[in-house]
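User: Please take me through this structure, which is new to me. I shall ask about its strands, its cavities and its domains.

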Amino acid sequence: MIRYVLRRLLQLIPVFFGTTFLIYTLVWAVPGDPFSGKCGQQACPQAYIDLMTEKFHLDDNLIVQYFKYLGSLFTGDWGETFNGNSVGELIANSYPITLRLAIIAVIIEAVIGLSAGVLTGLRGRGFLDNLVLVSTTFLISLPVFVTAIVLQIVLGTEFGLIDASVSDDPGIGELIVPGIALGSLSMAYIARLTRTSIAENRHADYIRTAIAKGQPNSRVIGVHLLRNSVIPVLTFLGTDLGALMGGAIVTEGVFNINGLGGLIFRGIQNRESATVVGVVVLLVLVYLLMSLIVDLLYAVLDPRIRYD
Amino acid sequence: MRGSTRFRAAAAVTTLSLLLLTACGGGSSSGSSGEADPNGTFTVYGTEPQNTLIPTNTNELGGSKAVDPMFAELVGFKGENAEPFNQMAESITTTDSKVYDIKIKHGWKFHDGTEVKAKNFVDAWNYGAYAPNGQINSTFFENIEGYADVHPEDENAKPAADKMSGLVVKNDYEFQVTLSAPFSVFGIKIGYTAFAPLPDAFFKDPKAFAQHPIGNGPMKFVSRTPNADIKLTRFDGYQGQDKVKFKDLDIKIYSSQETAYQDLLSNKLDFIETLPPSALAGSKYKTDLKDNLVTGHLLGISTIAIPYYVPGYDNLDLRKAISLAIDRAQITKTVMNDTYVPADGYVSQGIPGYRPGVCKFCKFDPAQAKMYFQKSGFKGKLTIASNADGGRKEPLVAACNSIKKTLGVACDFVPATDFGQWRSIVVGHKLTGMGRADWSADYPSIEDFLNPIFRTGASSNDSVYSNPQVDAKLAEADGTADKDAAVKLYQQAEDMIAQDLPSIPVWDEKGVAAKSDHAKTAGLDFRRRADLSTVEVTK
């Protein structure tokens, strides 16, 4: 087990370099002058362009630029935006909010999605099954920004139940509606994934054995059935937390949440390459870490899965 | 039946969570009792500043919303009509428009308690102009003698000096500015943000200052959270006449105008200076806002430029035909939902020196348009290029259609992805047809609508227009000390430009803003910002 963990940790290194290099190249190699349009209807003074070019090493070729960036990254310096804010500080201010939002979304999708999936999976065809089928189809077909804007306008502007935008440092209450918008898509997937998994395992041999041995119903479902059925769902949930951190771009944009998604949203809008690269590097790390944790959890849930 | 019980339980959970939501959110609407509150907070829509919060390094709306209330310049502009008045200046005198003697008022203080002296202006201007400081507004100082020494044109040359020879401090309250050539509008130009004084604290540590600016204006800096808000509060020691009648200014930064507009409608935001496309569509804003609609007049003009470097377009008859073929009145009414008015000259309405009907070819006249088009002998397709975002596309498509219908010539709108890409096309002279050429003035003078755009080789003369007679007339106006006589000369230059039609004036933006119920009064100034001195908030 320890060897497996070590091997997985070592694998993270090339993945980290590969992804960050790709991101850096993609963001900074976008054709076009980063300073066009920065000074409104007038051309930027050459002195300003020179200063910025030097500051962001834009004269060097991309490889050198990347290593200079990595170098400062390892000393804990995430760089600076064009308007002089430290990217590290920006990230430090915004990641707790996004984390809060992502956890709320995961809780919502886990609780609602899992319970809907378990109920329909156990019961089979019927009214409830159809209801879940129709509502999940509906949710899956809606893009997140539509869900978010509809929730915002209906609950916020029309009924006045919530505020249309979220405050600078939002509490859990304020984040519930954005969390629903963010988690709705995955919630639908989880409901369906659980349903299929449960329905399949319901007729498995070990379940029949457990029932035949006279185990109480709650134990059969809670321990035998759920434990085995939840493995694919867990994979999904784990990587989804990573995806939610990034997927929050749209939701945070709509609700004006000052999190990582909002940071990327603005970074792209204003062509703040330093911010975009910084946040995406962080998201890569989160993603890698989450998939590692999920892999390790497999062993806990299913002793048959052995790694060495 | 068990299934339906479960379903009922699920429904109960949903209802409960909805109730919880009701308890958590909402409830920030304020009762507008009508009583003005001198200690209230005014919340305005903001965008993240693009540069550091220093006057010489701020030129876009997001940053200037924060910087402008923090600094007071020598000259101020009245909110309602942009009329200049002496603010920090006791007097500005000149006999030849070349040497300006400036006396400043006594007893004005920076927010850190130090007095504003003549050297604070001189030091700030020298800092702004000095090339290695890389300030965005450095070109604003180019009239001052010695600018070429601190900011050489050749980018690789080292500046010969770090101070401009044209700036001389006479005593604590007086300094003298010598220009490299006579410039009659200099007395108005120094009202622009870049000409604000900077305290001694700035020169000790510019980086720390940018994090916590210290100004001499009606509001002082409190705090800033990037991407979230910038907070200012009233400076009680302020001596100027544009004092504010509320206490705290909260510039709330939004990533989407739509969200800000939703907040405004629910009284969570007090002012937004521009309305999102969804509110403009079908004039929805008029029913949404009713009494809370704020209109102003911006110092800007929208034109369609016809670059001289594009083959076939250097044809006066074609220019006339295109201009006469655009139905401005109809487009401003239907496509732009009354947020613009038709333009008929090169100067924005409301500027001293504006005259209606300067552009004789700026009316809609299909018959004449066709006649000129025949005469031009133009063959091929017309195009109008612009960035397509921010509602820029729709009116230009309408203009194209109007041209197409009138002249029977093909006309296409060519989009660029964003403003940055659009600017690099324009600056690189890569247009292949007509292009959008909007201009908003930095300071309210007829000069700022002509010199930067139409003089040969001027900084924003993107369509490479050149007419020696216009250049000579503009130079003559620049050198005329008498203000009224200068305006007359600028008008003559405008007449000559209107003969050449280097660009076609199309519309002039009214400026449509919105306030909340919480704001009792709020005006929109000519620079598209809340005119803070008019703002009153209710409890």
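User: In which sense do strand 6 and strand 7 of chain B pair?

Analyst: This is a predicted model, in which local features need pLDDT of at least 70, side-chain atom pairs count only at pLDDT 80 or more, and totals for chains, interfaces and linings use all residues. Residues are numbered from 1 along each chain as its sequence is written, chains are lettered from A and ligands numbered from 1 in the order in which they are written, and side-chain values use heavy atoms, with hydrogens and water left out. Strands are DSSP runs of E, at least two residues, numbered from the N terminus, and two of them pair if DSSP finds at least two bridges between them. Strand 6 (residues 167-171) and strand 7 (residues 174-178) of chain B share 4 bridges, and their sense is antiparallel.

User: Which residue of strand 7 of chain B stands opposite B:Leu167?

Analyst: A hairpin of 2 residues links strand 6 of chain B to strand 7 of chain B. Across from B:Leu167 stands B:Val177.

User: How many polar residues are in the lining of the largest cavity?

Analyst: The residues closest to the centre of this cavity include A:Thr81 and B:Glu48. By class, the lining has 3 nonpolar residues (Ala, Val, Leu, Ile, Met, Phe, Trp, Tyr, Cys and Pro), 3 charged residues (Asp, Glu, Lys and Arg), and, from the others, Gly among them, a polar count of 8.

User: How far apart do the C-alpha centres of domain 1 and domain 2 of chain A lie?

Analyst: An automatic or database domain assignment supplies the bounds. Domain 1 of chain A covers 47-77 and domain 2 covers 87-301. Their C-alpha centres are separated by 37 Å.

Definitions and conventions
On a 1 Å grid over the protein atoms alone, a cavity is a set of points where a 1.4 Å probe fits but cannot get out, and a pocket is an open set with protein on both sides within 12 Å along at least five of seven lines; lining residues have an atom within 4 Å of a point.
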